[in-house]
Amino acid sequence: MPSFPNAMNKQRLVIVGAGMAGSKLAHDMQQAHGDRFHIVLIGEEPRLGYNRIMLSSLLANDITARDMALVNTHEMLQHGIDMIVSDPVVNVNLDDKSLQLASGKEINYDQLVMATGSRSTILPIGGAEADNVMGFRTWQDVDVMTALPDQQSIVVVGGGLLGLEAAVGLVKRGHKVTVFHRSRWLLNRQLDEPAAALLQSRLKQMGVEFRLGESPDSFIQEKAGRVSQVVCQNGDLMDVDLVVMAAGITPEIALAKNAGLQTHRAIIVDSKMATSHENVFAIGECCEFNQQTFGLVAPIWTQIRVLTQVLAGESDEFAIESTPTKLKVSGVNLFSVGRIEPIHDDTCIVFNDVEGDHYRKLVVNDGLLVGAILYGNVADGSWYFQLIQNKTDVSNSLDLLVFGEAYCRLQAA
(Lines give C-alpha, C1' and ligand atoms only; values in the text may rest on other atoms or scores of the structure.)
Protein backbone atom coordinates (compact mmCIF):
# COMPACT_ATOMS: atom_id res chain seq x y z
CA MET A 1 0.00 0.00 0.00
CA PRO A 2 2.73 2.60 0.74
CA SER A 3 3.61 4.79 -2.21
CA PHE A 4 7.31 4.80 -1.37
CA PRO A 5 9.66 2.04 -0.21
CA ASN A 6 10.41 2.13 3.50
CA ALA A 7 14.17 2.07 3.10
CA MET A 8 16.26 0.33 5.75
CA ASN A 9 13.24 -0.08 8.05
CA LYS A 10 13.17 3.61 8.96
CA GLN A 11 10.08 4.97 10.66
CA ARG A 12 7.78 6.60 8.15
CA LEU A 13 7.09 10.19 9.19
CA VAL A 14 4.35 11.77 7.08
CA ILE A 15 3.79 15.53 7.31
CA VAL A 16 0.47 16.81 5.96
CA GLY A 17 0.95 20.42 4.90
CA ALA A 18 4.05 21.83 3.19
CA GLY A 19 3.81 25.42 4.34
CA MET A 20 6.38 27.01 6.61
CA ALA A 21 5.74 24.75 9.62
CA GLY A 22 5.61 21.49 7.67
CA SER A 23 8.58 22.29 5.44
CA LYS A 24 10.79 23.40 8.32
CA LEU A 25 9.86 20.35 10.39
CA ALA A 26 10.76 18.07 7.46
CA HIS A 27 14.08 19.88 7.01
CA ASP A 28 14.97 19.86 10.72
CA MET A 29 13.98 16.22 11.20
CA GLN A 30 16.13 15.18 8.24
CA GLN A 31 19.07 17.18 9.58
CA ALA A 32 18.79 15.81 13.11
CA HIS A 33 17.33 12.33 12.70
CA GLY A 34 17.46 11.45 8.99
CA ASP A 35 19.10 8.14 9.80
CA ARG A 36 15.96 7.03 11.67
CA PHE A 37 13.09 8.50 9.66
CA HIS A 38 11.84 8.27 6.11
CA ILE A 39 10.08 11.62 5.68
CA VAL A 40 7.17 12.29 3.32
CA LEU A 41 6.04 15.92 2.93
CA ILE A 42 2.65 16.50 1.27
CA GLY A 43 1.35 19.89 0.08
CA GLU A 44 -1.69 21.15 -1.77
CA GLU A 45 0.14 24.09 -3.36
CA PRO A 46 2.39 23.78 -6.45
CA ARG A 47 5.25 25.36 -4.46
CA LEU A 48 6.55 24.22 -1.08
CA GLY A 49 9.27 25.30 1.30
CA TYR A 50 8.79 29.05 0.70
CA ASN A 51 8.76 31.80 3.30
CA ARG A 52 5.16 32.97 3.60
CA ILE A 53 6.27 35.96 5.70
CA MET A 54 7.96 37.41 2.62
CA LEU A 55 4.84 37.40 0.43
CA SER A 56 4.18 41.09 1.12
CA SER A 57 7.76 41.96 0.14
CA LEU A 58 7.37 39.92 -3.05
CA LEU A 59 4.11 41.73 -3.82
CA ALA A 60 5.81 45.09 -3.25
CA ASN A 61 8.67 44.15 -5.61
CA ASP A 62 11.14 44.56 -2.75
CA ILE A 63 12.47 41.03 -3.33
CA THR A 64 12.47 38.46 -6.16
CA ALA A 65 11.25 34.88 -6.28
CA ARG A 66 14.79 33.71 -5.51
CA ASP A 67 14.55 35.34 -2.08
CA MET A 68 11.45 33.37 -1.09
CA ALA A 69 13.08 30.09 -0.07
CA LEU A 70 12.64 29.05 3.56
CA VAL A 71 14.46 25.73 3.18
CA ASN A 72 16.63 24.22 0.46
CA THR A 73 14.20 21.84 -1.21
CA HIS A 74 16.84 20.55 -3.64
CA GLU A 75 19.03 19.39 -0.77
CA MET A 76 16.01 17.91 1.00
CA LEU A 77 15.25 15.81 -2.08
CA GLN A 78 18.87 14.70 -2.30
CA HIS A 79 18.72 13.60 1.33
CA GLY A 80 15.75 11.34 0.61
CA ILE A 81 12.74 13.39 1.65
CA ASP A 82 9.77 12.55 -0.58
CA MET A 83 7.84 15.68 -1.58
CA ILE A 84 4.35 15.64 -3.04
CA VAL A 85 2.91 18.89 -4.43
CA SER A 86 -0.52 19.83 -5.81
CA ASP A 87 -1.99 16.60 -4.42
CA PRO A 88 -3.62 17.27 -1.04
CA VAL A 89 -4.66 14.65 1.48
CA VAL A 90 -8.42 14.10 1.32
CA ASN A 91 -8.84 11.45 4.00
CA VAL A 92 -7.00 10.20 7.08
CA ASN A 93 -7.70 6.73 8.46
CA LEU A 94 -6.37 6.64 12.00
CA ASP A 95 -7.21 2.97 12.51
CA ASP A 96 -4.98 1.59 9.77
CA LYS A 97 -2.59 4.60 9.81
CA SER A 98 -3.09 5.54 6.18
CA LEU A 99 -3.79 8.63 4.08
CA GLN A 100 -5.60 9.01 0.78
CA LEU A 101 -4.56 11.78 -1.64
CA ALA A 102 -6.74 13.58 -4.16
CA SER A 103 -4.99 11.62 -6.92
CA GLY A 104 -6.08 8.34 -5.35
CA LYS A 105 -2.65 7.42 -3.94
CA GLU A 106 -2.56 5.86 -0.51
CA ILE A 107 0.32 6.34 1.90
CA ASN A 108 0.92 4.62 5.22
CA TYR A 109 2.58 6.27 8.19
CA ASP A 110 4.17 5.36 11.50
CA GLN A 111 4.09 8.93 12.81
CA LEU A 112 1.75 11.59 11.40
CA VAL A 113 2.05 15.37 11.75
CA MET A 114 -0.80 17.69 10.83
CA ALA A 115 0.60 21.02 9.60
CA THR A 116 -2.39 22.12 7.53
CA GLY A 117 -2.08 25.80 8.47
CA SER A 118 -4.98 28.18 7.97
CA ARG A 119 -7.16 29.92 5.38
CA SER A 120 -8.00 33.58 4.99
CA THR A 121 -11.25 34.33 6.79
CA ILE A 122 -13.88 35.45 4.31
CA LEU A 123 -16.32 37.66 6.22
CA PRO A 124 -20.03 36.95 5.77
CA ILE A 125 -20.68 40.03 3.65
CA GLY A 126 -23.26 39.88 0.89
CA GLY A 127 -21.56 39.23 -2.45
CA ALA A 128 -18.28 38.00 -0.93
CA GLU A 129 -18.53 34.74 -2.88
CA ALA A 130 -17.52 36.59 -6.07
CA ASP A 131 -14.48 35.53 -8.08
CA ASN A 132 -12.66 38.81 -7.48
CA VAL A 133 -12.87 38.55 -3.68
CA MET A 134 -9.74 36.81 -2.45
CA GLY A 135 -7.50 36.23 0.55
CA PHE A 136 -3.79 36.90 0.91
CA ARG A 137 -2.09 33.75 2.15
CA THR A 138 -0.23 32.04 -0.69
CA TRP A 139 2.24 32.63 -3.48
CA GLN A 140 -0.63 31.97 -5.88
CA ASP A 141 -2.48 34.94 -4.34
CA VAL A 142 0.53 37.13 -5.11
CA ASP A 143 0.57 35.78 -8.67
CA VAL A 144 -3.05 36.92 -9.09
CA MET A 145 -2.28 40.40 -7.74
CA THR A 146 0.86 40.88 -9.83
CA ALA A 147 -1.07 39.95 -12.97
CA LEU A 148 -3.60 42.78 -12.46
CA PRO A 149 -3.79 45.52 -15.10
CA ASP A 150 -2.38 48.90 -14.08
CA GLN A 151 -4.21 51.35 -11.82
CA GLN A 152 -6.91 49.09 -10.43
CA SER A 153 -9.25 50.17 -7.62
CA ILE A 154 -8.75 47.72 -4.74
CA VAL A 155 -10.41 47.41 -1.35
CA VAL A 156 -8.57 45.66 1.48
CA VAL A 157 -10.82 44.51 4.31
CA GLY A 158 -8.81 44.48 7.54
CA GLY A 159 -6.30 46.93 9.00
CA GLY A 160 -4.18 44.37 10.81
CA LEU A 161 -0.65 43.33 9.92
CA LEU A 162 -1.53 41.32 6.82
CA GLY A 163 -4.01 43.87 5.47
CA LEU A 164 -1.57 46.76 5.76
CA GLU A 165 1.22 44.75 4.15
CA ALA A 166 -1.08 43.87 1.24
CA ALA A 167 -2.24 47.49 0.92
CA VAL A 168 1.30 48.89 0.73
CA GLY A 169 2.39 46.22 -1.74
CA LEU A 170 -0.54 47.01 -4.03
CA VAL A 171 0.00 50.78 -3.77
CA LYS A 172 3.64 50.30 -4.73
CA ARG A 173 2.39 48.52 -7.85
CA GLY A 174 0.43 51.63 -8.82
CA HIS A 175 -3.05 50.67 -7.64
CA LYS A 176 -5.59 52.78 -5.75
CA VAL A 177 -6.13 51.08 -2.39
CA THR A 178 -8.68 51.73 0.36
CA VAL A 179 -8.48 49.84 3.67
CA PHE A 180 -11.64 49.14 5.68
CA HIS A 181 -11.04 48.40 9.37
CA ARG A 182 -13.67 47.81 12.03
CA SER A 183 -11.64 49.33 14.87
CA ARG A 184 -11.20 53.07 15.35
CA TRP A 185 -7.45 52.71 14.75
CA LEU A 186 -5.08 50.47 12.84
CA LEU A 187 -3.35 47.46 14.41
CA ASN A 188 -5.56 47.84 17.45
CA ARG A 189 -4.21 44.60 18.94
CA GLN A 190 -0.60 45.77 18.73
CA LEU A 191 -0.77 49.57 19.00
CA ASP A 192 -2.42 52.23 21.11
CA GLU A 193 -4.24 55.11 19.41
CA PRO A 194 -1.34 57.65 19.31
CA ALA A 195 1.06 55.16 17.70
CA ALA A 196 -1.62 54.07 15.24
CA ALA A 197 -2.21 57.70 14.24
CA LEU A 198 1.47 58.06 13.31
CA LEU A 199 1.31 54.84 11.33
CA GLN A 200 -1.85 55.90 9.49
CA SER A 201 -0.30 59.25 8.58
CA ARG A 202 2.77 57.52 7.14
CA LEU A 203 0.70 55.06 5.13
CA LYS A 204 -1.48 57.86 3.76
CA GLN A 205 1.70 59.58 2.56
CA MET A 206 2.47 56.34 0.70
CA GLY A 207 -0.95 56.49 -0.98
CA VAL A 208 -3.18 54.21 1.11
CA GLU A 209 -6.68 55.50 1.93
CA PHE A 210 -8.67 54.41 4.99
CA ARG A 211 -12.22 53.94 6.21
CA LEU A 212 -11.88 53.24 9.92
CA GLY A 213 -14.61 52.06 12.24
CA GLU A 214 -16.47 50.21 9.50
CA SER A 215 -16.60 47.16 7.30
CA PRO A 216 -18.20 47.07 3.85
CA ASP A 217 -21.97 46.68 4.10
CA SER A 218 -22.20 44.57 0.95
CA PHE A 219 -20.73 43.99 -2.50
CA ILE A 220 -22.61 44.67 -5.73
CA GLN A 221 -22.08 42.29 -8.64
CA GLU A 222 -22.95 43.93 -11.96
CA LYS A 223 -21.54 41.01 -13.90
CA ALA A 224 -22.13 37.48 -12.65
CA GLY A 225 -19.36 36.36 -10.37
CA ARG A 226 -17.52 39.70 -10.08
CA VAL A 227 -17.84 42.57 -7.60
CA SER A 228 -18.04 45.97 -9.28
CA GLN A 229 -18.98 48.18 -6.30
CA VAL A 230 -18.65 48.23 -2.53
CA VAL A 231 -21.59 49.51 -0.51
CA CYS A 232 -20.27 51.43 2.51
CA GLN A 233 -22.15 51.56 5.80
CA ASN A 234 -23.24 55.15 5.16
CA GLY A 235 -24.60 54.18 1.74
CA ASP A 236 -21.66 55.45 -0.31
CA LEU A 237 -20.77 53.38 -3.37
CA MET A 238 -17.15 52.71 -4.30
CA ASP A 239 -16.11 51.29 -7.66
CA VAL A 240 -13.80 48.32 -7.18
CA ASP A 241 -11.87 45.86 -9.34
CA LEU A 242 -10.63 43.57 -6.57
CA VAL A 243 -11.42 42.91 -2.90
CA VAL A 244 -8.71 41.45 -0.65
CA MET A 245 -9.96 39.91 2.59
CA ALA A 246 -7.33 40.27 5.33
CA ALA A 247 -9.61 40.13 8.36
CA GLY A 248 -7.94 37.21 10.11
CA ILE A 249 -7.28 33.56 9.53
CA THR A 250 -9.22 30.37 10.21
CA PRO A 251 -7.27 27.21 11.18
CA GLU A 252 -7.66 24.47 8.56
CA ILE A 253 -8.98 21.54 10.60
CA ALA A 254 -11.51 19.84 8.28
CA LEU A 255 -9.22 16.88 7.61
CA ALA A 256 -8.41 16.39 11.30
CA LYS A 257 -12.03 16.77 12.35
CA ASN A 258 -13.26 14.23 9.81
CA ALA A 259 -10.57 11.80 10.98
CA GLY A 260 -11.85 12.01 14.55
CA LEU A 261 -9.12 14.09 16.18
CA GLN A 262 -10.21 16.32 19.05
CA THR A 263 -10.69 19.91 17.85
CA HIS A 264 -12.01 23.21 19.12
CA ARG A 265 -11.00 26.31 17.17
CA ALA A 266 -8.04 24.22 15.99
CA ILE A 267 -6.54 20.76 16.58
CA ILE A 268 -6.05 20.36 20.33
CA VAL A 269 -2.50 19.39 21.35
CA ASP A 270 -0.62 18.94 24.62
CA SER A 271 2.80 20.34 25.53
CA LYS A 272 4.48 17.65 23.41
CA MET A 273 2.41 18.67 20.36
CA ALA A 274 0.52 15.36 20.58
CA THR A 275 -3.13 15.22 19.51
CA SER A 276 -5.90 13.07 20.99
CA HIS A 277 -4.71 10.06 18.94
CA GLU A 278 -1.51 8.10 19.47
CA ASN A 279 1.33 8.82 17.02
CA VAL A 280 -0.50 11.85 15.58
CA PHE A 281 0.81 15.36 16.23
CA ALA A 282 -0.03 18.89 15.09
CA ILE A 283 1.99 22.12 14.76
CA GLY A 284 1.56 25.63 13.45
CA GLU A 285 -1.58 27.60 12.73
CA CYS A 286 -3.77 24.49 12.73
CA CYS A 287 -3.06 23.58 16.38
CA GLU A 288 -4.46 24.84 19.68
CA PHE A 289 -2.66 24.66 23.04
CA ASN A 290 -4.18 25.89 26.29
CA GLN A 291 -7.05 27.48 24.33
CA GLN A 292 -4.64 29.55 22.23
CA THR A 293 -3.91 29.38 18.51
CA PHE A 294 -0.77 30.64 16.80
CA GLY A 295 -0.20 32.97 13.86
CA LEU A 296 3.30 34.27 14.52
CA VAL A 297 6.50 32.49 13.59
CA ALA A 298 8.32 32.48 16.96
CA PRO A 299 5.99 30.10 18.84
CA ILE A 300 5.66 27.86 15.78
CA TRP A 301 9.45 27.54 15.54
CA THR A 302 9.42 26.53 19.22
CA GLN A 303 6.76 23.92 18.46
CA ILE A 304 8.97 22.48 15.72
CA ARG A 305 11.94 22.30 18.08
CA VAL A 306 9.84 20.52 20.69
CA LEU A 307 8.33 18.05 18.22
CA THR A 308 11.74 17.27 16.70
CA GLN A 309 12.85 16.19 20.17
CA VAL A 310 9.64 14.31 20.97
CA LEU A 311 9.62 12.31 17.72
CA ALA A 312 13.17 11.22 18.48
CA GLY A 313 12.09 9.93 21.89
CA GLU A 314 13.65 12.81 23.81
CA SER A 315 12.04 15.12 26.35
CA ASP A 316 10.86 18.65 25.63
CA GLU A 317 7.70 20.68 26.23
CA PHE A 318 6.05 23.65 24.57
CA ALA A 319 5.08 26.70 26.62
CA ILE A 320 3.43 29.94 25.53
CA GLU A 321 5.65 33.02 25.77
CA SER A 322 5.20 36.67 24.86
CA THR A 323 6.10 37.32 21.22
CA PRO A 324 7.05 40.67 19.63
CA THR A 325 5.22 42.03 16.59
CA LYS A 326 7.05 43.77 13.76
CA LEU A 327 5.47 45.34 10.68
CA LYS A 328 7.10 44.22 7.41
CA VAL A 329 6.39 47.33 5.33
CA SER A 330 9.18 49.20 3.61
CA GLY A 331 9.69 52.61 5.15
CA VAL A 332 7.71 51.78 8.32
CA ASN A 333 9.43 50.61 11.50
CA LEU A 334 7.22 49.27 14.25
CA PHE A 335 7.72 47.02 17.29
CA SER A 336 5.15 45.89 19.85
CA VAL A 337 5.33 43.34 22.65
CA GLY A 338 3.46 42.46 25.82
CA ARG A 339 0.73 44.54 27.42
CA ILE A 340 0.09 47.66 25.38
CA GLU A 341 -2.82 49.09 27.37
CA PRO A 342 -2.28 49.60 31.11
CA ILE A 343 -4.40 47.88 33.73
CA HIS A 344 -4.64 48.66 37.45
CA ASP A 345 -1.32 49.45 39.15
CA ASP A 346 0.48 49.84 35.79
CA THR A 347 2.61 52.89 35.05
CA CYS A 348 3.05 54.24 31.52
CA ILE A 349 6.17 56.02 30.28
CA VAL A 350 5.54 57.80 26.98
CA PHE A 351 7.77 59.62 24.52
CA ASN A 352 5.96 61.16 21.55
CA ASP A 353 7.83 63.14 18.88
CA VAL A 354 5.19 63.77 16.20
CA GLU A 355 7.51 65.93 14.09
CA GLY A 356 10.22 63.28 14.20
CA ASP A 357 7.68 60.47 13.56
CA HIS A 358 8.93 58.73 16.70
CA TYR A 359 6.83 57.23 19.50
CA ARG A 360 7.58 55.04 22.51
CA LYS A 361 5.32 53.73 25.22
CA LEU A 362 6.54 51.50 28.04
CA VAL A 363 4.19 49.79 30.50
CA VAL A 364 5.71 49.02 33.91
CA ASN A 365 4.20 47.08 36.81
CA ASP A 366 5.83 46.74 40.22
CA GLY A 367 9.28 47.53 38.85
CA LEU A 368 8.99 45.17 35.88
CA LEU A 369 8.59 46.11 32.23
CA VAL A 370 5.48 44.28 30.95
CA GLY A 371 4.85 45.92 27.57
CA ALA A 372 6.40 48.19 24.95
CA ILE A 373 5.38 50.00 21.75
CA LEU A 374 8.05 51.50 19.51
CA TYR A 375 7.28 53.39 16.31
CA GLY A 376 9.97 55.05 14.17
CA ASN A 377 13.18 54.15 15.95
CA VAL A 378 12.84 50.49 16.96
CA ALA A 379 16.51 49.78 17.65
CA ASP A 380 15.85 49.08 21.35
CA GLY A 381 13.02 46.62 20.71
CA SER A 382 15.11 43.52 21.35
CA TRP A 383 16.49 45.01 24.56
CA TYR A 384 13.03 45.82 25.91
CA PHE A 385 11.87 42.32 24.97
CA GLN A 386 14.82 40.85 26.87
CA LEU A 387 13.96 42.94 29.93
CA ILE A 388 10.40 41.56 29.78
CA GLN A 389 11.51 37.95 29.31
CA ASN A 390 14.13 38.10 32.05
CA LYS A 391 11.79 39.98 34.43
CA THR A 392 14.55 42.49 35.07
CA ASP A 393 13.90 44.99 37.86
CA VAL A 394 13.90 48.43 36.20
CA SER A 395 12.83 50.41 39.29
CA ASN A 396 16.06 52.38 39.45
CA SER A 397 16.03 53.44 35.80
CA LEU A 398 12.43 54.50 35.17
CA ASP A 399 13.45 58.08 34.34
CA LEU A 400 15.89 56.85 31.68
CA LEU A 401 14.22 53.70 30.38
CA VAL A 402 12.33 55.29 27.50
CA PHE A 403 15.59 56.61 26.00
CA GLY A 404 16.92 53.11 25.38
CA GLU A 405 19.72 50.75 26.26
CA ALA A 406 22.72 52.87 25.24
CA TYR A 407 21.52 55.90 27.23
CA CYS A 408 20.77 53.78 30.31
CA ARG A 409 24.18 52.13 30.20
CA LEU A 410 25.93 55.48 29.67
CA GLN A 411 24.22 57.03 32.68
CA ALA A 412 24.96 53.95 34.80
CA ALA A 413 28.69 54.02 33.94
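**Exercise 1.** In this predicted model, find which residues Gln 190 is in contact with, leaving aside its neighbours within four places in sequence. Then decide: is Gln 190 buried or exposed?

*Solution.* Start by placing the residue: Gln 190 sits in the loop that runs between β11 (176–181) and α6. Next, list its partners beyond four places in sequence, which are Leu 161, Thr 325, Ser 336, Ile 340 and Ile 373. Finally, turn to accessibility: the relative value for Gln 190 is 16%, so the residue counts as buried, the cut-off being under 20%.

**Exercise 2.** Check whether the length of α5 agrees with its number of residues, and work out how many of these residues are buried.

*Solution.* Now look at burial: α5 is mostly covered, with 10 of its 12 residues buried. Among them are Leu 161, Glu 165 and Val 171. Just past the helix, Gly 174 adopts a positive phi of about 95°.

**Exercise 3.** Describe how α5 and α6 are arranged relative to each other, and say which residues make their contact.

*Solution.* First the geometry: the axes of α5 (residues 161–172) and α6 (residues 193–206) come within 10 Å and cross at roughly 25°. Because angles under 35 degrees count as roughly parallel, α5 is roughly parallel to α6. Then the contact: α5 contributes Leu 164, Val 168 and Val 171, while α6 contributes Leu 199, Leu 203 and Met 206. Sorting these residues by type gives 6 nonpolar, no polar and no charged.

Technical notes. Residues are numbered from 1 along each chain as its sequence is written. This is a predicted model: local features need pLDDT of at least 70, side-chain atom pairs count only at pLDDT 80 or more; totals for chains, interfaces and linings use all residues. Side-chain values use heavy atoms; hydrogens and water are left out. Axes are lines fitted to C-alpha atoms, for helices over the stretch in contact, and angles run from 0 to 180 degrees between N-to-C directions. Helices (H or I, at least four residues) and strands (E, at least two) are DSSP runs, numbered from the N terminus. Angles under 35 degrees count as roughly parallel, over 145 as roughly antiparallel, 65 to 115 as roughly perpendicular and the rest as oblique. Contact means heavy atoms within 4.5 Å. Ala, Val, Leu, Ile, Met, Phe, Trp, Tyr, Cys and Pro count as nonpolar, Asp, Glu, Lys and Arg as charged, and the others, Gly among them, as polar. The expected span of a helix is 1.5 Å times one less than its number of residues. Buried means under 20% relative accessible area, exposed over 50%, partly exposed in between (1.4 Å probe, protein chains only).
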